[in-house]
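I opened the notebook to keep track of what I look up in this structure. The entries follow the order in which I went through the questions.

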Amino acid sequence: VHVHDSPDEAAFRAEARAWLERHARRRSGAGDWSEQRVPTSAEAERAHLERCRSWQRTLFEGGYAAITWPVELGGRAGTPAEAMIFDEEQAAFDVTTGFLRSIIALVGPVLRLHGTDWQRERFLRPLLRGDEIWCQLFSEPGAGSDLAGLATRAELDGDELVVTGQKVWTSGAHHADWGIALVRTNPDAPKHRGITFLVVDMHDPGVTVRPLRQMTGAAHFNEVFLDGVRVPRAHVVGEIDGGWAPARTVLTHESAMIGSGAGMDRTERLLELARQTGASADPRLRQRLASLWAHERTLGWMAHAVKAAVRRGVPPPVDGSVLKLAWARTLVMRGDLALAVLGAAGIAAGHADAERWQHELCMRFAGTIGGGTSEVHRTQVGERVLGLPAEPRADKDVAWRDLPRS
Ligand SMILES: Cc1cc2nc3c(=O)[nH]c(=O)nc-3n(C[C@H](O)[C@H](O)[C@H](O)COP(=O)(O)OP(=O)(O)OC[C@H]3O[C@@H](n4cnc5c(N)ncnc54)[C@H](O)[C@@H]3O)c2cc1C
């Protein structure tokens with residue numbers, strides 16, 4: 001029984017659950033495909049992606065891919081509460097949309113808020129159906145935390161922009177049809193004011209994608225080289241030189257989206273492992289396990305408070321950077337602790353349990369970097385949440401071309 005459901009919401013919950021029962025299998029707790037790690041061979045990766053796409057399409061056809069969006073954009077004009085109810089119900093089933101979830105969360109809002117009618121019409125439905133895959137071409141070798149310092153340039157040539165430069169850490173670019181890109185269009189303006197936000201065709205002959213293999217064995221992200229890529233002016237999102245506003249929309253959604261990712265089930269599994277191996281009898285490990293559990297619970301409650309606010313239509317009480325920081329911290333604690341619990345078995349190869357936790361340990365580094373580093377999010381919490389004095393920004397009014405660059 002969900003005590004917060006109104007009669008209409010209870011009816012929606014029943015309808016959503018019945019639909020899920022018809023289209024998916026319930027989680028079994030062991031061997032669920034939605035729990036599988038990202039595969040390390042190219043074929044397995046493609047097969048995994050196809051399965052995620054197939055579930056995305058099923059959601060779209062059932063009217064559940066974007067519950068709160070207007071019907072004409074592929075949604076069902078539902079309430080935020082209904083979107084949450086659907087997520088709660090879906091969590092009991094062995095389904096995932098994997099990487100598509102994050103890309104829809106990044107690209108959807110920015111095109112809805114800042115895109116032209118033509119862009120919304122052209123791009124949003126194929127995005128929601130999983131027909132077209134997207135990537136985020138923001139970071140560069142010399143511009144990550146200092147994203148506004150980016151150097152990939154674009155010059156207007158008639159009705160097109162010609163883009164040249166390099167991006168890096170581009171998740172999923174090796175599968176992508178389209179990329180949202182930030183490019184420098186006015187080197188004479190201060191760095192935030194000379195950037196344009198573009199939609200780039202990843203199949204353009206000037207685009208070269210080189211996968212980067214990580215220590216998990218998976219090639220999750222890529223280097224992307226852009227060499228004279230021609231982008232029609234109709235693909236500019238927002239104004240020319242005004243790309244920082246849509247970029248902010250993407251970054252805000254990114255930290256909230258990452259921070260609300262669940263992990264409590266893995267912590268429960270780690271506690272179970274500690275009981276099995278006897279590690280839970282070690283007083284030092286017990287303390288660390290209790291601390292992890294408490295941190296993760298706190299994160300869960302913060303995410304819950306955000307959801308409750310969204311449900312009531314009021315501003316979220318927890319900043320996205322706070323959520324992202326708390327999420328990254330539990331990832332670090334859990335990864336380190338898992339190996340301590342496993343002891344010598346933790347470094348064994350071919351031991352299924354150990355391999356799962358080794359993967360978790362390797363991924364913990366990505367958690368404190370991707371979506372903005374913890375140091376940068378702490379600065380934002382200081383300024384935005386605590387109202388501390390702002391970091392000195394000596395380059396704020398200096399033309400980008402006069403700034404020192406690495
Ligand atoms: C798994 C993963 C996926 C990613 N996917 C994408 C993607 O799809 N698209 C994309 O565009 N990018 C992506 N990124 C890139 C990510 O956004 C950047 O790695 C991140 O913003 C940090 O930038 P950087 O790597 O250039 O590090 P740098 O900015 O060079 O930072 C190096 C170190 O200096 C510290 N530092 C820098 N500036 C400050 C400051 N002002 N105050 C205090 N400390 C500071 C940082 O915290 C860090 O410890 C991904 C990264 C990861 C790990």
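**Entry 1: R393 and its partner.** I looked up R393 and found that it is partly exposed, because its relative accessible area is 44%. I noted the cut-offs: buried means under 20% relative accessible area, exposed means over 50%, and partly exposed lies in between, with a 1.4 Å probe and protein chains only. The side chain of R393 meets that of E383 in a salt bridge, at 3.2 Å from N to O. A salt bridge here is a side-chain nitrogen of Lys or Arg within 4 Å of a carboxyl oxygen of Asp or Glu. R393 lies in the segment after α11 and E383 in helix α11, so the pair ties together parts that are 10 residues apart in sequence. Helices (H or I, at least four residues) and strands (E, at least two) are DSSP runs, numbered from the N terminus. E383 is also partly exposed, with a relative accessible area of 24%. I then noted one network, in which salt bridges that share partners join D5, R13, R17, E88 and E89.

**Entry 2: What I am looking at.** The model is predicted, so I wrote down that local features need pLDDT of at least 70 and side-chain atom pairs count only at pLDDT 80 or more, while totals for chains, interfaces and linings use all residues. Residues are numbered from 1 along each chain as its sequence is written, and side-chain values use heavy atoms, with hydrogens and water left out.

**Entry 3: Other salt bridges.** How many salt bridges does the structure hold? I found 30. In one of them the side chains of R76 and E15 meet, at 3.3 Å from N to O. This pair links distant parts of the chain, 61 residues apart: R76 is in the loop between α2 (42-62) and α3 (80-90), and E15 is in helix α1 (residues 7-23). R76 is partly exposed at 28% relative accessible area, and E15 is partly exposed at 42%. I also looked up R153 and E155, whose side chains meet in a salt bridge at 3.6 Å, N to O. R153 is partly exposed, with a relative accessible area of 45%, whereas E155 counts as exposed because its value is 52%.

**Entry 4: The ligand.** Which residues are closest to the ligand? I found 15 residues around the ligand, the closest being S139, S145, W169, T373 and E375. A residue is near a molecule if one of its heavy atoms lies within 4 Å of it. By class, this shell has 5 nonpolar, 9 polar and 1 charged residues. For the classes, Ala, Val, Leu, Ile, Met, Phe, Trp, Tyr, Cys and Pro count as nonpolar, Asp, Glu, Lys and Arg as charged, and the others, Gly among them, as polar.

I then listed some atom pairs. A polar backbone atom of Q136 is 2.7 Å from a nitrogen atom of the ligand. An oxygen atom of the ligand lies 3.1 Å from a backbone N or O atom of F138. An N or O atom in the side chain of S145 is 2.6 Å from an oxygen atom of the ligand. Taken alone, the ligand exposes 980 Å², and the protein buries 65% of that. Accessible areas come from the Shrake-Rupley method with a 1.4 Å probe; for residues, only the protein chains shown count as cover.

**Entry 5: Buried residues.** Is T152 buried or exposed? T152 counts as buried because its relative accessibility is 0%. T152 lies in the loop between β1 (134-137) and β2 (153-157). A polar atom of the T152 side chain lies 3.4 Å from the backbone nitrogen of Q166.

Q90 is in helix α3 and is buried, with a relative accessible area of 17%. A polar contact of 3.0 Å joins the side chains of Q90 and W55. A polar contact is a pair of N or O atoms within 3.5 Å; within protein, one must be able to donate a hydrogen and the other to accept it, and residues adjacent in sequence count only if both atoms are side-chain atoms.

A309 lies in helix α8 (residues 283-312) and is buried at 2%. A309 and A81 are 228 residues apart in sequence and 9.8 Å apart in space, C-alpha to C-alpha.

**Entry 6: Backbone angles.** Most residues other than glycine have a negative phi. A77 has a positive phi of about 55 degrees although it is not a glycine. A77 is in the loop between α2 and α3 and is exposed, with a relative accessible area of 53%.
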